[in-house]
Each structure stands twice: as C-alpha cells, then as structure tokens.
Amino acid sequence: MKSPSNSSPVRIGIIGGGLMGREAASALARWFTLVDYPVRAVLIAVCDLQPGLLDWFRQVPTVKHLDTNHRDLLKRDDVDVVYVAVPHHLHEEIYLDVLRAGKDLFAEKPFGIDLAASRRIRDEAVKLGRFVRVSSEFPFLPGVHRAWTLAASGSLGRIIEARCAFLHSSDLDPTKPINWKRQAKYCGEIGVMGDLGMHVTHVPLRLGWKPASVYAQLQKIYPTRPDGKGGTAACDTWDNATLHCTAPIAGHPTPLTLEMKRLAPTETNTWIFEVLGTDRGVRFSTKEPKTFWTYRRDKEQWWEKTDLGFGTPFKTITGGIFEPGFPDILQQMWAAFIAERAGLLGDKFGCATPDEAVAHHEIWAAALVSNQGQKVVSL
Ligand SMILES: NC(=O)c1ccc[n+]([C@@H]2O[C@H](COP(=O)([O-])OP(=O)(O)OC[C@H]3O[C@@H](n4cnc5c(N)ncnc54)[C@H](O)[C@@H]3O)[C@@H](O)[C@H]2O)c1
C-alpha cells in the first residue's frame, strides 16, 4: 500500500461547526492513528455563522481559514472536499453551492429537507460529475459490519423478518428547550425520519432490501416545548415513527420494520439490527456494543454470543481487544469516504450514496401519505 506521507493530502473544509462539525474535526485530527492507510487528509478551513464557535477550531493546528460565509470558504483553492453539517433547510442551497464551486461533497443526512430536494442535489452531482457521499457511521462499527456481512452472505436461509431501529430518549424531558431539530421549517416535515432515518435504512438498502410498501405510525408526543426565552414554542415535527414495510427479499415479500424514536424510554443512542432466517439469524444492538448474537438451527435452535473487539474495517493503532466508540466509527466512515474518492476502497463497505439517500427519502414521503390516510402506500 502507498505510504500516506508520499502523497499530497486531501484538503478538507467544514461548513457548520456545531455538534457534527467538531466531531469531523476530531476524526481528521487523529488521522495518524490509521495504520497502512493510503491517503492523508487534513482539515484546512471551517465556516460557521457563529464567530464564537469558530474559536474552538483555532486549537486545530492544520486549520488555516475561519470563515463566517460559506461562499468565502468555497472560493478557496486549497480546499478539495467540503463536509457540510448544517440544519436541514439549508442542505439544498449549500450542497449545490459546494458542487458548483467544483468541490467534492461529504453531505450530512438526510441530504435535503425532503424528497424533491434530495433528487435535485443528486441530479446536480451527477451532472457535474462530483464525488458525493452521505454521512452514516453505524455500518463502520464492527458488530454492524459483521451483521451486514452475515445478512449478505446468503447463509441465513429464507429471511423471515428484519427489524432496524434507532432509539433516543433525551426528548422524554418535557423541559428540554426546543431547537431546530424539533421544528418542521428547519428539520423538515418528515421530522424524526430525517433525523434518524438514514441510520436505519443504510444497511437494508445496501442489502437490496428496498421497501415496496409502507404502513406508517407517526407520533407527535409533546406538542410544545420551552422556547428557551421564558415562553413556549410549537414542537411540530414527528417525534416517533414506526414503519411496517414489505420488502422483496430474494423474491419473497418480507416484513421489514423501521423504527426511529426520539422518545424511547431508557434508550440513549441505541441502534438495533435483527434478522431472522430459516437457518440462521443475527442480532446486534449498540446497547451491548461488544456483543454479537447469531442464531443457528440444528436439532435444537441456538442463540450464540460472541465478544467483539476493535475489528474495524480500516486498521488503527488500537489493539484488537479494545472497544470502539462513536468517535472511532466516525473516523472509519471518513476513512471509507477518502479511500473511495481515491478509488482505493476495494471490497470494503462504502458510505451511503446519493441514490441511497434519495431512496430513503422515498420511504419517508410514502410514510407521510400512509400516516395521513391510515393506509398502506406502495413505493
Ligand atoms: N451522522 C450523525 O450521527 C449525525 C448526528 C447529529 C446530526 N447529524 C446531522 O448533521 C447536520 C448538523 O447537525 P448538528 O447536530 O451538527 O447541528 P448543530 O445545530 O449542532 O450545528 C449546526 C451548525 O451549523 C451552523 N450554521 C447554520 N447555518 C449556517 C450557514 N449558513 N453557514 C455556516 N454554518 C451555519 C450553526 O451555527 C451550527 O453551529 C444535520 O444534517 C444533522 O441531521 C448527523
């Protein structure tokens, strides 16, 4: 493999230096922890509207430019790739500006506020020939990667059913002040599906399990929240979504349940994937991040438990017996993005594609229609 020190680095700019912008900076700042990895990546420029937030990035030695207008960042010749992590109502405008500035794009989910926006972004990327991928980090967790590999192997027999869920509970506190993620004009009418949905659909879509129909149960549980200024504000996004889908798997219509919940008691950031087949099955949850369950059918039927270590797709300095966490899988996702852009991904799992992002929006658009009419909707 080529030594990273012999190649010129990919120069990254970040637009949106909030929660995820800073996580991206952390992943890039530790690039030297990747072992035998072929490409260097460095964070060069950051843009956020809030000058106070930009100050945090002064700690990152490679950062040369701090901008408060994203168009200033996009004019910079020393930026090759732009990662954008801003509220959903700004995705389309800023993603299109990135593409038209001749930069490659690492986009945050949900890739546009709605289906129409996602299609316009995807189509512009194709027209301009830019490399674009969408952020979705869970497949880079060893347990998820193992579950995907097993599900894709064909060894499960006929798939009986599958469930993918992503559950949060921080919104159970009704005194939590409102933010943009709880308001439809910023987050999108699809609410929690835009917020958590890429995480539950990335693996099934990559397996080719595309829903053919959906029956959606959408819930708004707290209609108002404190506005943070002593009053209350309407909380008009969907809090919880349970989608009962039918997906053709190996030619058989198969139940596929997709759950996205902001009010799921006791769950912090729980990602779940369960597939039951006639011969074998798999179950993984971030609630037990080291524990990988597989089911097999013999004379009797068995659930077997394996303890996982640091078996990430891209090798790092961290020893094999240790446990990976959220910052590690974000770095792995970045490593997959940079490797695929360089044509060096090989057979490793790649980041979500614009087509997958559009496909996930198609499910949410159908879910809104289903919930409104309380009916099954074909996709
Ligand atoms: N992959 C994940 O696990 C994950 C987790 C959380 C959020 N997200 C996604 O990341 C994106 C951002 O979410 P977040 O939690 O980081 O939000 P955030 O509110 O913490 O940060 C957004 C930042 O964007 C900045 N901003 C707003 N308008 C801007 C503009 N015109 N130019 C430059 N900066 C601007 C804000 O000042 C803020 O600092 C969303 O698309 C969200 O869905 C992904």
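Modeller: Gladly! Let us begin with one residue. Serine 153 sits in the loop between H6 and strand E7 (159–167). Keep in mind that this is a predicted model.

Biologist: Which residues of helix H6 are buried?

Modeller: In H6 (residues 142–152), they are Pro142, Gly143, Val144, His145, Ala147, Trp148 and Ala151. These buried residues pack against helix H8 (192–206), strand E13 (270–277), strand E14 (280–285) and E15. After H6 comes glycine 154, with a positive phi near 85 degrees.

Biologist: How should I think about the sides of a helix?

Modeller: An α-helix has 3.6 residues a turn, so residues three or four places apart point the same way. Now try helix H4 (residues 91–100), where the buried residues are His91, Ile94, Tyr95, Val98 and Leu99. They lie on the same side of H4, because they cover an arc of only 140 degrees around the axis.

Biologist: What covers the buried residues of H4?

Modeller: The cover includes strand E1 (10–15), helix H3 (70–74), E4, strand E5 (104–107) and helix H5 (115–128). A glycine follows H4 too: glycine 102, whose phi is positive, near 85 degrees.

Biologist: Let us look at a strand. Where is tryptophan 293 found?

Modeller: Tryptophan 293 is in strand E15 (residues 291–297). A residue needs 20 or more C-beta neighbours to be called buried. Tryptophan 293 has 17 inside 10 Å, so it counts as partly exposed. Leaving out neighbours within four places in sequence, its contacts are Val282, Arg283, Phe284, Trp303 and Lys305.

Biologist: And what does aspartate 307 touch?

Modeller: Setting aside residues up to four places away in sequence, aspartate 307 touches Lys290 and Thr291. Aspartate 307 lies in strand E16 (residues 301–307) and is exposed, with 10 other C-beta atoms within 10 Å. From aspartate 307 to isoleucine 321 is 14 residues in sequence and 9.4 Å in space, C-alpha to C-alpha.

Biologist: Can we step back and view the whole chain?

Modeller: Of course. The chain has ten helices and 17 strands. Its radius of gyration is 21 Å, close to the 21 Å from the globule rule for 379 residues, so the chain is as compact as a globular protein of that length. Buried residues make up 45% of those 379 residues. Among contacts between residues at least 6 apart in sequence, 69% join residues at least 24 apart.

Biologist: Where is confidence lowest and where is it highest?

Modeller: Confidence is lowest in strand E10 (residues 232–234), at a mean of 94, and highest in strand E4 (residues 81–84), at 99. For the chain, the mean pLDDT is 96, and 98% of its residues reach 70 or more.

How values were computed:
Residues numbered from 1 in each chain as written. Predicted model: local features only at pLDDT ≥ 70, side-chain atom pairs only at ≥ 80, totals over all residues. Helix = DSSP H or I, 4+ residues; strand = E, 2+ residues; numbered from the N terminus. Rg over C-alpha atoms; globule rule 2.2 N^0.38 Å. Buried ≥ 20, exposed ≤ 12 C-beta atoms within 10 Å, placed from the backbone. Contact = placed C-beta atoms within 7 Å. pLDDT = per-residue confidence, 0-100. Arc of directions from axis to C-beta.
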